[in-house]
Amino acid sequence: MNKRAILQYLQYYSDVDEKTENLIDECILEVKQLAQFKAIYQKFSLTHQPLKIQELDLLCESQDLEFYFKDCQECFVIACTLGIQIDRQTKLYEHIDMTKAVVFDAVSSRYLEECCDAYEDTLNLGIHTFRFAPGYGDLPLALNQPLSRVLQIDKKIGVSISQGGLFVPMKSMLGIIGLGSQVEKSCLSCVRKENCVLRKGGQRCYVRD
Amino acid sequence: MLRERLGKELLVFDGGMGTQLQEEGLKAGQIPEEYNIEHPEIIMNIHKRYLEAGADFITTNTFGCNPLKMQESQYCYCDLLKAAVKNAKQARDEVNPNAYIVLDIGPIGQLLEPLGTLTFDEAYEIIASQVLLVKDEVDAVLLETMTSLYEVKAGILAIKEKSDLPIFVTMTFEDNGRTLTGSDPITFVNVVEGLGVDALGVNCSLGPHELKPIIDEILETSSTPVLIQPNAGLPVLKNGQTCYEVTSQDYAQSMIEYMQKGVSIVGGCCGTTPDFIQALNRVKPTYVTPRHVKKYTRVSSQNQTVTFRGQIVVCGERLNPTGKKKLKAALKEERYDECVVEGIKQQQAGADILDVNVGLPGIDEPATMKKVIQLLQEVINLPLQIDSSSPEAIEKACRYYNGKPLINSVNGKDKVMEAIFPIVKKYGGVVIGLTLEDGIPLYAEERLAIAKKIVHKAATYGIEKENIIIDCLTLTASAQQKEVQETLKALQLVKQELGVHTVLGVSNVSFGLPNRPLLNRTFLTLAMQSGLDLPIINPLDQQLMDTIDAYNVLYHFDKDSVHYISKQSQVQNTQPLSTSSFSLEEMIIHGLKEEVKAKTKEVLETRDAMDVINGMIIPALNQVGKDYESNKIFLPQLIQSAETTKLAFEVVKSTFSVDSQSKGPVMMCTVEGDIHDIGKNIVKVVLESYGYQVIDLGKDVKVENVVEAYHRYQPKMIGLSALMTTTVVNMKRTIDALHADGCVCPIWVGGAVLTQEIADEIGADYYSEDAMASVTLLNSLL
C-alpha cells in the first residue's frame, strides 16, 4: 500500500515517526484481513450539452464533468465497498484506542482507493478519465441516489444510502469514469486544485503538479 | 392447509421475476413494481407461465415495494402492493386455483442501527405496514434476499404480531459463507428458528453448485423445513450487464442432490425462468426426504454462535454493577462508553459470552438495558446473556437484541416462570433456570427436583430442553462450608437425569475468605469435573482462564492442545514491561500510554497532586499543543498524547478529589442522520486531556434528544459535528430547536464540510477547524 498517501490522510507534512509507522503497518495488516472488498459496475452512453447518461435520461449538472467528459461517448459507473466489518472495527478502536482508530480509518480509506484502482484495471477500460465521485468538485451528491438504485448496490454489494445521504458501510464509494478521453493525473487537472488542503500545505498527490 | 403440507410434500416455488421483466422490456432504472399498475397483463403472464410450469407458489412482484424505496415512484407503495396481489390472484384463478400466493418482501434498502441509521422499530413498522395491507389476500409471506439478521428479526416479529400467516425466510450468502452484514448459516438458523418460522433457507447470490457448503450446513442444523432458491449459476458481467449461464437442465440436476438430502421447497432466483421450474418439477420426488438433525444448545450474536458441545463456555461476569462503584456511577450518569470498554476487555480476555446486568435502584432498567445492548452489539461479536430480575427489562432486551440471547433467569417459582417463559418462547432464547424457590435447598436431590420442575414447565410452553441451562447455585464456603459439595453433586445429578447443560456463578464460593482466587479456581476445577459447562467468571482473572485452558487439554476438547500451546507459549515469552527512564512530561509528549499510569503513581509518592497537574501535566500538554500547531507532531501523535494525559489524570483523580479542577461540562454530539463520528471523538479525547468534562451524546442524535439533554445536563457549551452537506441541514435544525427552546449556551460546530461561513449561515456561535482549535476556543471562553 502507498504509505505516503496514508500519511497525507493523517495530515502529515513531514517524516513519520517510528511509532506511527509501526501503527500504520499493524493497521494495514488488520484492514486487509477484515475488508471484504466488493465492487460492481455498469456501462452507459453519454450525450452532451447538457451532459446526460442516456439510458437513464439522467442529467449530470456539473461544469467539471462537462469539461472532463467532453470527448467521452460512454461512461462506466463503479460502486465498491470494504464491507461493514471495517466500520465495526473502527468503532471498537474508538472505544479503546483513539490513536489507532484514526490510523485505522485512514488506512481503510486508502485501501478502498487502491482496491478500486485494481478493480478498474481488470475492466480493460482503454483510454479513460479519472474516477469522479458525486460530491467531488461540483458534481452533485444527489446523483448517488439514482445511480445506486440502477446498480442495485444494496442487493449486490451491501451498500445503502442513509436518509442523510451517507453511504453505509462508511468505506464505500461510487464513481463515474468517462471512456475515450484522457486527462493526465496531475494536481492541476484536479477539480479540487483551488481548495485542496494538501496543496495549501505544499504537498502534491501526483508526480506532476 | 399449507402448514400441514410443509416438510412432507416437496413443493415448488417460482423462479426469477426481474429476469422475466427485463425480457418483457423493463429498462435499467425503471421501477419494476410500477408494472403492477402500468402493465398488469405482463405481470399476470409471468405468474401464469410459472404456474403452468408447475409452481405451487407464486410470489408477488413486490420485492422493493416498501414506503422508503417507493418514494421514487409516482405511485404509493400501497397501491403497487395491492395491484401486485390482484395480478397474482387473477393469474392463479386462471391457471391453478390451488396454488399459493406469497407476499414477497425484499430488504428495506437501509442498514439498521447501530451501524446504520434505520431504527429497529422503523424497520418493524415498514414491514408491518406491508403485511397489514394484503394479509387477508395472500397465503404466506416471504422475506427474501435478506442480508441483515436484525432486519429479518424485525420482519418476523412484524408478520407474527400482525397476522397468522406462514413465514418463509431466505437470506443471501456470499462466497465467504456469510451474509453481507456478516451472519453465518448456523447463526441464521439458530436465530430464525428460535423466533419461529415455517420455512427457512437461502436464495440469490450464488448458483446451486456454489451454495453447497451453505445449504449443507443449513440442512445439518435446521429442524425447520428448508427452502432454496439459488441463481442460475454465478452471475457473469458482460459489458456491465449481468448474465447467467447455467441451463435449466443442469440447474435441475444439481438441485436433485439437495432434494435427496431433505430440502422441502425448491425454486429459483435471478436468471431462472419457467423452464427451470418445469425442469425442477420433472425431477422432484413427491415427498420430502426425512432428516435427522442433532440438537444443540446454541446462543448467538448476529455473527457468531456458541454451540455447547461439552467444552467449557466462559461467561464474563463484569458487566454487573453489584459491588462495582465505578460501573454503578457510569450507569447512573449514562456514561455507557465505560460499559462498552468493559465488554471489549472481556472479549479480548477470551470470554465466549458476556453477562449484561444494569439493575440499579432508581434506574429505568428496560431503557438502559436496550441502550447498553445496542452499544455493545455495535462493536462486540460475542453473544450476550441478558441478566435481570425484571420481566419488562428482559422482554425489552430480548426484543432489541440482535441474535439468540441467553436469558438469566427463571427459578422454580411458578409466578416467575409464567412471566418469563412466554418471552423465552416468543423471542427464541436460551434460559437459565436457578434451582431455588423460596430459598436455596441444601441438598442436591432437592435442587434436582426443582430443575425437573423447570424443565417440565418449560416444555408446556414449547421450550425444549436444549434451550434450558440449569444453575445448581454456588454456596459460600465461609458460611455454608458443608453444603459446598452439594452443588457439585447437584451438577452431576442434573446432567445425568435431565441431560441439560449447567451453569454456576463461581466466585460466590470464596466470599469472605482470604486469597479468593485460589478458592475460586479450585472450586472451578471440581465443578468442571462434575459437569459444569458454563462458568460465569471474571475472564480478566488470568489464572482462572488458564485453569480452563488446562481442563480443555486434559479432557481432549482442545484438540492437539492448539489453543493451549499458542496461549501458554506466549505467556512464557512475555517479558515484563521495562520501565523506561522517561519523565512524566516526556511520557505525555511521546504518548507512552502503557507506562504512564505507573509513572504517575511514582511521582505522586513525592509530589502533591495539584503540583503534578499544574507543574507537570499541563506544561507537557501545552508543549504538545505547540508542537502540533508548528507541524512538529501530527494528528496521531496529538491523540496519543491526549490519551496518555487522560490516563495520568485518572490516576491523579483517584488519589484526591479534583472535581473542582475539571472544566465544563461541555456537551457534544454528531447530528441527526450522520453516523461519521470519528472527528467528534477526536475532539472529545483532546478536550478531555485538557481537563474538560465532556458529555458525549453519540452519533445520529435526534434534534429533540439534543434539546432534552441540554436541559438535563445544563452544559457550558454545546459542540455539534457533521460530515456532509446533507447532514449540515440537521445541524441547522438542531441549532434552531435549541434556540427556540431558550438555549443561551454557546454552540460551536465542526466537521469536514464546515467553514466559518457555513457556521454563520446556520446560526452557530463559533466554528473550529480541528481538535486543537476547539481547545483554544474553549479555553478562551470558559
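Student: How far apart do the C-alpha centres of domain 1 of chain B and domain 2 of chain B lie?

Tutor: This is a predicted model, and in it those two centres lie 38 Å apart. Chain B is divided into four parts: domain 1 (2–283), domain 2 (299–571), domain 3 (575–661) and domain 4 (662–782). Where domains 1 and 2 of chain B meet, the contact takes 17 residues from domain 1 and 16 residues from domain 2.

Student: Which helices supply at least two residues each on the side of domain 1 of chain B that touches domain 2 of chain B?

Tutor: Helix 7 (149–162) and helix 8 (185–195) of chain B do. Helix 8 of chain B gives the largest share of that side, 6 residues. By class, the side of domain 1 of chain B that touches domain 2 of chain B has 8 nonpolar, 6 polar and 3 charged residues.

Student: How many residues of each chain are in contact between chain A and chain B?

Tutor: As a general idea, interface size is often given as the accessible area lost when the parts come together. Here there is a residue count instead: 46 residues of chain A are in contact with 46 residues of chain B. On the chain A side, at least two residues each come from helix 2, strand 1 (38–47), helix 4 (84–96), helix 5, helix 6 (144–151) and helix 7 (153–157). Helix 4 of chain A gives the most, with 10 residues. The side of chain A that touches chain B divides into 20 nonpolar, 15 polar and 11 charged residues.

Student: What describes two packed helices?

Tutor: The angle between their axes and the distance between the axes. Take helix 2 (residues 18–34) and helix 5 (residues 98–122) of chain A, whose axes come within 9 Å and cross at roughly 55 degrees. Helix 2 of chain A is therefore oblique to helix 5 of chain A. Their crossing is right-handed.

Student: Which residues make the contact of helix 2 of chain A with helix 5 of chain A?

Tutor: Helix 2 of chain A brings L23(A), I24(A), C27(A), I28(A) and V31(A), while helix 5 of chain A brings K100(A), V103(A), F104(A), V107(A), S108(A) and Y111(A). By class, this contact has 9 nonpolar, 1 polar and 1 charged residues.

Student: How many helices and strands does chain A have?

Tutor: Chain A has 8 helices and 8 strands. Of its 209 residues, 44% are buried. Among contacts in chain A with a separation of 6 or more, 75% join residues 24 or more positions apart.

Student: Which peptide bonds are cis?

Tutor: One of them runs from V168(A) to P169(A), with omega near -5 degrees. P169(A) sits in the loop between strand 7 (167–168) and strand 8 (172–179) of chain A. Another cis bond runs from N408(B) to S409(B), with omega near 20 degrees. S409(B) belongs to strand 16 (residues 406–411) of chain B.

Student: Where does E334(B) lie?

Tutor: E334(B) is in the loop between helix 12 (325–332) and helix 13 (337–348) of chain B. E334(B) has a positive phi of about 60 degrees although it is not a glycine. S561(B), also not a glycine, has a positive phi of about 55 degrees, and S561(B) lies in the loop between helix 20 (542–554) and helix 21 of chain B.

Student: Why does I565(B) count as partly exposed?

Tutor: I565(B) counts as partly exposed because it has 13 C-beta neighbours inside 10 Å. I565(B) is in helix 21 (residues 562–573) of chain B. Its C-alpha is 9.7 Å from that of V553(B), which is 12 residues away in sequence.

Definitions and conventions: Residues numbered from 1 in each chain as written. Chains lettered and ligands numbered in written order. Predicted model: local features only at pLDDT ≥ 70, side-chain atom pairs only at ≥ 80, totals over all residues. Helix = DSSP H or I, 4+ residues; strand = E, 2+ residues; numbered from the N terminus. Buried ≥ 20, exposed ≤ 12 C-beta atoms within 10 Å, placed from the backbone. Domains from an automatic or database assignment. Contact = placed C-beta atoms within 7 Å. Nonpolar A, V, L, I, M, F, W, Y, C, P; charged D, E, K, R; others polar. Axes fitted to C-alpha atoms, helices over the stretch in contact; angles between N-to-C directions. Parallel < 35°, antiparallel > 145°, perpendicular 65-115°, else oblique. Left-handed = near helix turned anticlockwise from the far one by under 90°.
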